[in-house]
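Visitor: Please show me the protein chain, and then let me ask about it part by part.

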Amino acid sequence: MTTAADAAAASITVTVLIPVYNEVDGLAECYRRLDAVAGNCAENFEFLFVDDGSSDGSAQWLLELRQRDARVGLIELSRNFGKEIAVSAGLDHASGDVVMLLDADLQDPPELIPEFIAAWREGYDIVYGQRLSREGETWLKIQTSHWYYRVINVLSDVPIPADAGDFRLLSRRAVEAVRALREKHRYMAGLYAWIGFPQKALPYHRHPRHTGQSKWNYLRLWGLALEGITSFSTVPLKLATLLGVVTASAAFLYGVYFLLRTLLFGNPVPGYPSLIVVMLFLGGVQLICLGIIGEYLGRTYVESKQRQLYYLRGLHPSRERQHDD
(Lines give C-alpha, C1' and ligand atoms only; values in the text may rest on other atoms or scores of the structure.)
Protein backbone atom coordinates (compact mmCIF):
# COMPACT_ATOMS: atom_id res chain seq x y z
CA MET A 1 0.00 0.00 0.00
CA THR A 2 1.40 3.39 -1.01
CA THR A 3 1.54 5.91 1.81
CA ALA A 4 1.42 9.70 1.54
CA ALA A 5 5.11 9.82 2.43
CA ASP A 6 5.95 7.41 -0.39
CA ALA A 7 3.89 9.45 -2.84
CA ALA A 8 5.64 12.65 -1.77
CA ALA A 9 9.05 11.00 -2.14
CA ALA A 10 8.16 9.70 -5.60
CA SER A 11 7.48 13.24 -6.75
CA ILE A 12 11.07 14.28 -5.89
CA THR A 13 13.87 13.98 -8.43
CA VAL A 14 17.44 13.60 -7.20
CA THR A 15 20.13 14.50 -9.74
CA VAL A 16 23.39 12.74 -8.91
CA LEU A 17 26.14 14.85 -10.48
CA ILE A 18 29.37 12.97 -11.25
CA PRO A 19 32.37 14.78 -12.82
CA VAL A 20 34.55 12.38 -14.82
CA TYR A 21 38.10 12.70 -16.05
CA ASN A 22 39.74 9.52 -17.38
CA GLU A 23 37.79 7.19 -15.08
CA VAL A 24 36.64 4.58 -17.61
CA ASP A 25 37.94 1.63 -15.56
CA GLY A 26 35.78 2.54 -12.57
CA LEU A 27 32.59 3.75 -14.25
CA ALA A 28 30.90 0.34 -14.34
CA GLU A 29 31.26 -0.10 -10.58
CA CYS A 30 30.21 3.49 -9.97
CA TYR A 31 27.03 2.98 -11.99
CA ARG A 32 26.32 -0.40 -10.36
CA ARG A 33 26.42 1.09 -6.87
CA LEU A 34 24.37 4.14 -7.89
CA ASP A 35 21.77 1.90 -9.48
CA ALA A 36 21.56 -0.17 -6.28
CA VAL A 37 21.09 2.96 -4.16
CA ALA A 38 18.39 4.32 -6.47
CA GLY A 39 16.57 0.99 -6.36
CA ASN A 40 16.27 1.22 -2.59
CA CYS A 41 14.95 4.81 -2.56
CA ALA A 42 11.44 6.07 -3.23
CA GLU A 43 12.71 9.21 -5.00
CA ASN A 44 13.26 9.46 -8.74
CA PHE A 45 16.92 9.52 -9.76
CA GLU A 46 18.85 11.09 -12.63
CA PHE A 47 22.55 10.27 -13.10
CA LEU A 48 24.24 13.25 -14.75
CA PHE A 49 27.86 12.63 -15.75
CA VAL A 50 30.15 15.49 -16.81
CA ASP A 51 33.04 14.36 -18.99
CA ASP A 52 35.85 16.86 -18.46
CA GLY A 53 37.77 16.22 -21.67
CA SER A 54 38.66 12.58 -20.97
CA SER A 55 40.99 10.82 -23.40
CA ASP A 56 40.45 7.20 -22.28
CA GLY A 57 37.02 6.54 -23.78
CA SER A 58 34.98 7.56 -20.74
CA ALA A 59 32.57 9.63 -22.83
CA GLN A 60 31.90 6.78 -25.30
CA TRP A 61 31.27 4.34 -22.45
CA LEU A 62 28.81 6.75 -20.87
CA LEU A 63 27.01 7.33 -24.18
CA GLU A 64 26.50 3.57 -24.49
CA LEU A 65 25.25 3.45 -20.90
CA ARG A 66 22.78 6.23 -21.69
CA GLN A 67 21.24 4.07 -24.39
CA ARG A 68 20.60 1.31 -21.83
CA ASP A 69 19.39 3.47 -18.94
CA ALA A 70 17.00 6.38 -19.49
CA ARG A 71 18.11 7.97 -16.21
CA VAL A 72 21.66 8.62 -17.46
CA GLY A 73 22.64 11.97 -18.94
CA LEU A 74 26.01 13.15 -20.20
CA ILE A 75 27.62 16.56 -20.61
CA GLU A 76 30.80 16.59 -22.71
CA LEU A 77 33.08 19.60 -22.20
CA SER A 78 35.13 20.74 -25.18
CA ARG A 79 38.40 20.16 -23.29
CA ASN A 80 39.70 19.59 -19.78
CA PHE A 81 38.64 22.66 -17.80
CA GLY A 82 39.26 21.23 -14.33
CA LYS A 83 36.98 19.75 -11.72
CA GLU A 84 35.62 23.04 -10.35
CA ILE A 85 34.42 24.06 -13.82
CA ALA A 86 33.07 20.58 -14.53
CA VAL A 87 30.96 20.72 -11.37
CA SER A 88 29.75 24.20 -12.38
CA ALA A 89 28.72 22.90 -15.80
CA GLY A 90 26.81 20.08 -14.15
CA LEU A 91 24.99 22.46 -11.83
CA ASP A 92 24.02 24.59 -14.83
CA HIS A 93 22.25 21.62 -16.41
CA ALA A 94 21.00 19.68 -13.37
CA SER A 95 17.20 19.65 -13.26
CA GLY A 96 16.52 17.75 -10.04
CA ASP A 97 14.79 19.08 -6.94
CA VAL A 98 18.05 18.32 -5.17
CA VAL A 99 21.54 17.74 -6.57
CA MET A 100 23.94 15.23 -5.04
CA LEU A 101 27.63 15.69 -5.90
CA LEU A 102 29.68 12.50 -6.09
CA ASP A 103 33.17 11.64 -7.36
CA ALA A 104 33.46 8.83 -9.88
CA ASP A 105 36.42 7.29 -8.03
CA LEU A 106 34.07 6.05 -5.27
CA GLN A 107 36.15 7.43 -2.43
CA ASP A 108 32.85 8.90 -1.26
CA PRO A 109 30.38 6.00 -0.80
CA PRO A 110 27.13 6.38 -2.79
CA GLU A 111 25.38 4.26 -0.16
CA LEU A 112 25.23 7.37 2.07
CA ILE A 113 22.99 9.25 -0.39
CA PRO A 114 19.76 8.32 1.49
CA GLU A 115 21.23 9.89 4.65
CA PHE A 116 21.91 13.12 2.74
CA ILE A 117 18.34 13.14 1.45
CA ALA A 118 16.99 12.54 4.97
CA ALA A 119 19.01 15.52 6.27
CA TRP A 120 17.68 17.68 3.41
CA ARG A 121 14.14 16.75 4.42
CA GLU A 122 14.92 18.14 7.87
CA GLY A 123 15.16 21.58 6.26
CA TYR A 124 18.86 21.91 5.32
CA ASP A 125 19.74 23.41 1.95
CA ILE A 126 23.28 22.03 1.94
CA VAL A 127 24.33 18.74 3.51
CA TYR A 128 28.07 18.16 3.23
CA GLY A 129 30.13 15.09 3.99
CA GLN A 130 32.78 15.72 6.63
CA ARG A 131 35.70 13.30 6.44
CA LEU A 132 36.58 11.51 9.68
CA SER A 133 39.31 9.46 8.01
CA ARG A 134 40.90 9.21 4.56
CA GLU A 135 41.99 5.69 3.67
CA GLY A 136 44.52 5.22 0.91
CA GLU A 137 46.00 8.73 1.12
CA THR A 138 49.47 9.69 2.27
CA TRP A 139 50.22 11.17 5.68
CA LEU A 140 51.56 14.34 4.02
CA LYS A 141 48.39 14.88 1.98
CA ILE A 142 46.16 14.35 5.01
CA GLN A 143 48.19 16.71 7.20
CA THR A 144 48.49 19.48 4.60
CA SER A 145 44.75 19.29 3.98
CA HIS A 146 44.08 19.44 7.72
CA TRP A 147 46.22 22.55 8.19
CA TYR A 148 44.98 24.21 5.02
CA TYR A 149 41.40 24.32 6.31
CA ARG A 150 42.61 25.77 9.60
CA VAL A 151 44.66 28.45 7.84
CA ILE A 152 41.94 29.50 5.39
CA ASN A 153 39.40 29.81 8.20
CA VAL A 154 41.76 32.14 10.03
CA LEU A 155 42.16 34.26 6.89
CA SER A 156 38.63 34.13 5.46
CA ASP A 157 35.62 36.15 6.60
CA VAL A 158 33.38 33.26 5.50
CA PRO A 159 33.66 30.11 7.66
CA ILE A 160 34.50 27.19 5.35
CA PRO A 161 33.70 23.75 6.81
CA ALA A 162 36.87 21.82 7.60
CA ASP A 163 37.57 18.42 6.02
CA ALA A 164 34.66 18.75 3.59
CA GLY A 165 35.08 18.18 -0.14
CA ASP A 166 32.62 17.92 -3.02
CA PHE A 167 30.58 15.10 -1.48
CA ARG A 168 27.44 17.07 -0.68
CA LEU A 169 23.76 17.62 -1.44
CA LEU A 170 22.34 20.97 -2.56
CA SER A 171 18.70 22.02 -2.57
CA ARG A 172 17.26 23.65 -5.67
CA ARG A 173 17.57 27.16 -4.22
CA ALA A 174 21.18 26.47 -3.23
CA VAL A 175 21.90 25.29 -6.78
CA GLU A 176 20.35 28.44 -8.25
CA ALA A 177 22.38 30.61 -5.87
CA VAL A 178 25.66 28.96 -6.87
CA ARG A 179 24.73 29.12 -10.57
CA ALA A 180 24.35 32.91 -10.25
CA LEU A 181 28.01 33.24 -9.24
CA ARG A 182 29.96 33.34 -12.51
CA GLU A 183 33.48 34.16 -11.36
CA LYS A 184 36.17 32.51 -13.47
CA HIS A 185 38.50 31.42 -10.66
CA ARG A 186 36.19 29.10 -8.78
CA TYR A 187 36.74 27.59 -5.37
CA MET A 188 33.51 25.65 -4.99
CA ALA A 189 33.83 24.80 -1.30
CA GLY A 190 34.04 28.52 -0.57
CA LEU A 191 31.08 29.34 -2.82
CA TYR A 192 28.91 26.78 -1.06
CA ALA A 193 29.77 28.43 2.26
CA TRP A 194 29.41 31.98 0.92
CA ILE A 195 25.79 31.61 -0.21
CA GLY A 196 24.69 30.82 3.32
CA PHE A 197 21.40 28.94 3.85
CA PRO A 198 21.03 26.22 6.53
CA GLN A 199 23.85 23.68 6.28
CA LYS A 200 24.57 20.41 8.05
CA ALA A 201 27.64 18.19 8.32
CA LEU A 202 27.33 14.45 7.78
CA PRO A 203 30.46 12.69 9.19
CA TYR A 204 31.75 9.69 7.23
CA HIS A 205 34.88 7.65 6.57
CA ARG A 206 36.39 8.17 3.14
CA HIS A 207 37.37 5.05 1.19
CA PRO A 208 40.40 4.40 -1.04
CA ARG A 209 39.99 4.93 -4.78
CA HIS A 210 38.23 2.02 -6.45
CA THR A 211 40.70 2.07 -9.34
CA GLY A 212 43.35 4.23 -10.96
CA GLN A 213 45.42 7.09 -9.59
CA SER A 214 44.34 10.45 -8.22
CA LYS A 215 44.54 13.35 -10.68
CA TRP A 216 45.25 15.73 -7.78
CA ASN A 217 49.02 15.96 -7.45
CA TYR A 218 50.64 18.33 -4.97
CA LEU A 219 51.10 21.05 -7.59
CA ARG A 220 47.37 21.06 -8.43
CA LEU A 221 46.48 20.98 -4.74
CA TRP A 222 48.75 23.99 -4.18
CA GLY A 223 46.94 25.82 -6.98
CA LEU A 224 43.56 24.97 -5.45
CA ALA A 225 44.77 26.23 -2.06
CA LEU A 226 45.82 29.54 -3.63
CA GLU A 227 42.41 29.79 -5.32
CA GLY A 228 40.68 29.37 -1.99
CA ILE A 229 42.81 31.90 -0.14
CA THR A 230 42.82 34.59 -2.84
CA SER A 231 39.10 34.14 -3.59
CA PHE A 232 37.91 34.54 -0.03
CA SER A 233 40.50 36.66 1.76
CA THR A 234 42.51 39.85 1.29
CA VAL A 235 44.53 39.15 4.43
CA PRO A 236 47.69 38.21 2.44
CA LEU A 237 47.68 41.70 0.88
CA LYS A 238 47.39 43.24 4.33
CA LEU A 239 50.17 40.99 5.59
CA ALA A 240 52.36 42.10 2.69
CA THR A 241 51.77 45.72 3.70
CA LEU A 242 52.51 44.93 7.33
CA LEU A 243 55.66 43.03 6.37
CA GLY A 244 56.81 46.03 4.31
CA VAL A 245 56.21 48.44 7.20
CA VAL A 246 58.00 46.18 9.71
CA THR A 247 60.94 45.65 7.37
CA ALA A 248 61.24 49.34 6.56
CA SER A 249 61.10 50.20 10.27
CA ALA A 250 63.75 47.62 11.09
CA ALA A 251 65.96 48.91 8.27
CA PHE A 252 65.54 52.50 9.53
CA LEU A 253 66.46 51.54 13.09
CA TYR A 254 69.41 49.53 11.83
CA GLY A 255 70.58 52.56 9.83
CA VAL A 256 70.28 54.82 12.89
CA TYR A 257 72.29 52.30 14.90
CA PHE A 258 75.12 52.25 12.34
CA LEU A 259 75.09 56.05 12.04
CA LEU A 260 75.46 56.51 15.80
CA ARG A 261 78.12 53.81 16.05
CA THR A 262 80.11 55.42 13.27
CA LEU A 263 79.87 58.89 14.81
CA LEU A 264 80.84 57.68 18.29
CA PHE A 265 83.33 54.90 17.62
CA GLY A 266 84.22 55.15 13.94
CA ASN A 267 83.95 52.34 11.43
CA PRO A 268 87.40 51.03 10.58
CA VAL A 269 86.19 47.73 9.03
CA PRO A 270 83.29 47.81 6.50
CA GLY A 271 80.53 45.31 7.33
CA TYR A 272 80.44 43.44 4.02
CA PRO A 273 78.76 40.23 5.34
CA SER A 274 76.04 42.10 7.20
CA LEU A 275 75.45 44.29 4.14
CA ILE A 276 74.93 41.22 1.93
CA VAL A 277 72.57 39.63 4.46
CA VAL A 278 70.49 42.80 4.69
CA MET A 279 70.31 43.17 0.89
CA LEU A 280 69.24 39.54 0.40
CA PHE A 281 66.65 39.82 3.16
CA LEU A 282 65.14 43.01 1.75
CA GLY A 283 65.16 41.56 -1.77
CA GLY A 284 63.38 38.43 -0.56
CA VAL A 285 60.72 40.46 1.22
CA GLN A 286 60.13 42.54 -1.91
CA LEU A 287 59.76 39.44 -4.09
CA ILE A 288 57.32 37.83 -1.65
CA CYS A 289 55.19 40.97 -1.57
CA LEU A 290 55.28 41.26 -5.37
CA GLY A 291 54.27 37.61 -5.65
CA ILE A 292 51.27 38.12 -3.37
CA ILE A 293 50.19 41.21 -5.31
CA GLY A 294 50.74 39.31 -8.57
CA GLU A 295 48.43 36.48 -7.51
CA TYR A 296 45.59 38.90 -6.91
CA LEU A 297 46.38 40.98 -9.98
CA GLY A 298 46.45 37.89 -12.20
CA ARG A 299 43.04 36.82 -11.00
CA THR A 300 41.65 40.30 -11.56
CA TYR A 301 43.08 40.21 -15.10
CA VAL A 302 41.39 36.89 -15.86
CA GLU A 303 38.05 38.10 -14.47
CA SER A 304 38.25 41.30 -16.55
CA LYS A 305 38.38 39.33 -19.83
CA GLN A 306 34.89 37.94 -19.19
CA ARG A 307 35.47 34.65 -20.99
CA GLN A 308 32.92 31.85 -20.83
CA LEU A 309 33.42 29.35 -18.02
CA TYR A 310 33.35 26.42 -20.44
CA TYR A 311 32.18 25.22 -23.84
CA LEU A 312 30.30 22.01 -24.60
CA ARG A 313 31.28 19.40 -27.14
CA GLY A 314 28.05 17.52 -26.57
CA LEU A 315 24.92 17.71 -24.43
CA HIS A 316 23.01 14.46 -23.92
CA PRO A 317 20.30 14.87 -21.27
CA SER A 318 18.74 11.79 -19.76
CA ARG A 319 15.94 10.39 -21.88
CA GLU A 320 13.58 10.64 -18.93
CA ARG A 321 14.26 14.36 -18.76
CA GLN A 322 13.73 14.69 -22.53
CA HIS A 323 10.38 12.96 -22.11
CA ASP A 324 9.38 15.34 -19.29
CA ASP A 325 10.39 18.36 -21.38
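Visitor: Is Leu 106 buried or exposed?
Guide: This is a predicted model, in which local features need pLDDT of at least 70, side-chain atom pairs count only at pLDDT 80 or more, and totals for chains, interfaces and linings use all residues. Residues are numbered from 1 along each chain as its sequence is written, and side-chain values use heavy atoms, with hydrogens and water left out. Buried means under 20% relative accessible area, exposed over 50%, and partly exposed in between (1.4 Å probe, protein chains only). Because its relative accessibility is 2%, Leu 106 counts as buried.

Visitor: Where is Leu 106 found?
Guide: Helices (H or I, at least four residues) and strands (E, at least two) are DSSP runs, numbered from the N terminus. Phi of Leu 106 is near 65°, a positive value in a residue other than glycine. Leu 106 is in the loop between strand E4 (98-101) and helix H5 (113-121).

Visitor: Which loop holds Phe 197, where phi is near 70°?
Guide: Phe 197 is not glycine, yet its phi is positive. Its relative accessible area is 34%, so Phe 197 is partly exposed. The loop that holds Phe 197 runs between helix H8 (188-194) and E7.

Visitor: How many helices and strands does the protein chain have, and what share of its residues is buried?
Guide: The secondary structure comes to 12 helices and 8 strands. Of the 325 residues in the protein chain, the buried share is 44%.

Visitor: Which residues have the most contacts inside the largest nonpolar core?
Guide: A nonpolar core is a set of buried Ala, Val, Leu, Ile, Met, Phe, Trp, Tyr and Cys residues joined through side-chain atoms within 4.5 Å. The largest one has 35 residues, and helix H2 (residues 24-39) gives the most to it, with 6 residues. Those with the most contacts inside this core are Val 16, Phe 45, Phe 47 and Phe 49.

Visitor: Within what arc do the buried residues of H3 fall?
Guide: In helix H3 (residues 58-68), the buried residues are Ser 58, Ala 59, Leu 62, Leu 65 and Arg 66. The arc is that of the directions from the helix axis to the C-beta atoms. Seen down the axis of H3, the buried residues line one face of the helix, because they fall within an arc of 120°.

Visitor: Which residues are exposed on the other side of H3?
Guide: The buried set in H3 includes Leu 62 and Leu 65. On the other side of H3, the exposed residues are Gln 67 and Arg 68.

Visitor: What covers the buried residues of H7?
Guide: In helix H7 (residues 172-179), Ala 174, Val 175 and Val 178 are buried. They fall within an arc of 100° seen down the axis of H7, so they line one face of the helix. Their cover includes helix H4 (83-93), E4, strand E5 (126-134), strand E6 (164-171) and H8.

Visitor: How far apart are the closest N and O atoms of Arg 71 and Asp 35?
Guide: A salt bridge is a side-chain nitrogen of Lys or Arg within 4 Å of a carboxyl oxygen of Asp or Glu. Arg 71 and Asp 35 form one. Arg 71 lies in the loop between H3 and strand E3 (72-77) and Asp 35 in helix H2, so the pair ties together parts that are 36 residues apart in sequence. The closest N and O atoms are 2.5 Å apart.

Visitor: What separates Arg 32 and Glu 29 along helix H2?
Guide: The side chains of Arg 32 and Glu 29 meet in a salt bridge (2.6 Å, N to O). Because they are 3 residues apart in helix H2, their separation is about one helical turn.

Visitor: How many salt bridges does the count come to?
Guide: Another of them joins the side chains of Glu 122 and Lys 200 (3.1 Å, N to O). Glu 122 is in the loop between H5 and E5 and Lys 200 in strand E7, 78 residues apart. The count comes to 17 salt bridges.

Definitions and conventions. Contact means heavy atoms within 4.5 Å.
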